[in-house]
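Please open the structure in a viewer and keep the sequence beside it.

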Amino acid sequence: MRAARVALIVLLGLGLAGYSAWLLEFFMQTGVSATDQPVWDLFYAQPVFRIATGIGGLAFFLTGPALMRLAPAHWSGRLTSVSVSVFGIVLMVCAGVPETVVTPNLLSAAVAVGAFSLIFWWPSGWRACAVGCLVVVLVAWALVVVSTLAGHLEGVFTRIQLVVHAAQVVIGGAYVMQTPVPVRGRKLSVAGAMLRSNRHRK
C-alpha cells in the first residue's frame, strides 16, 4: 500500500510537470501569442512541448492503475482511476497528433468526470473541495468554448484552463499524501483508512 502511494505521488508529479511544460513559453521564443492563440499551438512552435506533454500523458496513464489500489473498490473509485488514465491517453494523442482538434475537449471531459467521481467517495470536508473543483473545471471549459467561437482571448482562457486542471491534480495529490496508510494487516482503501483514523481520534 505504501509503495502504491509513493508510486502515485511520483507519477502525479511527473504528469503535472509534463502538463505544465507550456510555462516554458515565458522563457523561450515561440512566436505563439499567449492572448489569442490556444496553448496547443505551442506544439507546432517547439518540439519540447510535444515531448514533455507526451511524457506527462504517459505518467497520468500509469497513475490510473496505482490509484486503483488506493481508491475505494466501487464504481466511483474505479471511475476516478479510469478517468485519470483516459486523461493520460488523450494527452498523449494530443501531443502526438496535435491537429486532432477534438482532443482538448476530451481532456476537459476527462477532468470533469474525475472531479465528479470524487464527490462520491471523498469524505465530507474534501467532498466540498471536489464540488468546487468540478464547478471551476466546467466554468473554465465553458470560457474556452466561448472564446473559441468568438475568436478572441482563446489563448488566455486555454492557459487558465490548464492551470485549473493542474490545480485539481495538486489537490488530489494532497489528499493522497495526508491520508493514513495502514502499516500491516488488511489493506484498506484511502477512504477506509481515513475513516479508521477518524474513529481512533474519538
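Which residues have the most contacts inside the largest nonpolar core? Select Leu 8, Tyr 19, Trp 40, Phe 60 and Phe 87: these have the most contacts inside that core, which has 39 residues. A nonpolar core is a set of buried Ala, Val, Leu, Ile, Met, Phe, Trp, Tyr and Cys residues joined through side-chain atoms within 4.5 Å. Buried means under 20% relative accessible area, exposed means over 50%, and partly exposed lies in between, with a 1.4 Å probe and protein chains only.

Before going on, note that this is a predicted model, in which local features need pLDDT of at least 70, side-chain atom pairs count only at pLDDT 80 or more, and totals for chains, interfaces and linings use all residues. Residues are numbered from 1 along each chain as its sequence is written, and side-chain values use heavy atoms, with hydrogens and water left out.

**The whole chain**

Display the protein as a cartoon. The secondary structure consists of 8 helices and 0 strands, and from the N terminus the elements run α-α-α-α-α-α-α-α. Helices (H or I, at least four residues) and strands (E, at least two) are DSSP runs, numbered from the N terminus. Of the 202 residues, 47% count as buried. Now show the surface: the accessible area comes to about 10,000 Å², and 72% of it belongs to carbon and sulfur atoms. Such areas come from the Shrake-Rupley method with a 1.4 Å probe; for residues, only the protein chains shown count as cover.

**Inside the core**

Return to the core, which has 39 residues. The elements that give two or more residues to this core are α1 (2–19), α2 (42–45), α3 (47–68), α4 (75–96), α5, α6 (124–150) and α7 (154–178). Helix α5 gives the most, with 6 residues.

Select Tyr 19 next. Not counting residues up to four places away in sequence, Tyr 19 touches Trp 40, Phe 60, Phe 87, Leu 91, Leu 162, His 165 and Ala 166. Contact here means heavy atoms within 4.5 Å. Across the protein, among contacts between residues at least 6 apart in sequence, 69% join residues at least 24 apart.

Move to Thr 103, which is in helix α5 (residues 103–118). Is Thr 103 buried or exposed? Thr 103 has a relative accessible area of 3%, so it is buried. Leaving aside neighbours within four places in sequence, Thr 103 is in contact with Val 90, Val 93 and Cys 94.

Ala 7 is partly exposed, with a relative accessible area of 30%.

**A charged pair**

How many salt bridges are there? The count comes to 1, where a salt bridge is a side-chain nitrogen of Lys or Arg within 4 Å of a carboxyl oxygen of Asp or Glu. Select Arg 159 and Glu 25: their closest N and O atoms are 2.7 Å apart. Arg 159 lies in helix α7 and Glu 25 in the loop between α1 and α2, so the pair ties together parts that are 134 residues apart in sequence. Both Arg 159 and Glu 25 are buried.

**Two cysteines**

The structure holds 0 disulfides, a disulfide being a pair of cysteine sulfur atoms within 2.5 Å. Select Cys 129, which is in no disulfide; the nearest cysteine sulfur, that of Cys 133, is 4.4 Å away. Cys 129 counts as partly exposed, at 28% relative accessibility, whereas Cys 133 counts as buried, at 13%.

**A nonpolar patch**

Select Leu 58, Phe 61, Leu 62, Ile 89, Val 93 and Val 97, which make a nonpolar surface patch of about 440 Å². Patches are made of residues with over 30% relative accessible area and no salt bridge: like charges are joined within 9 Å, and nonpolar side chains (Val, Leu, Ile, Met, Phe, Trp, Tyr) within 5 Å. Helices α3 and α4 each give two or more residues to the patch, and α3 gives the most, with 3. Phe 61 lies in helix α3 and counts as partly exposed at 33% relative accessibility.

Finally, select Leu 153, in the loop between α6 and α7. The phi of Leu 153 is near 65°, a positive value in a residue other than glycine. Most residues other than glycine have a negative phi. Leu 153 counts as partly exposed, at 29% relative accessibility.
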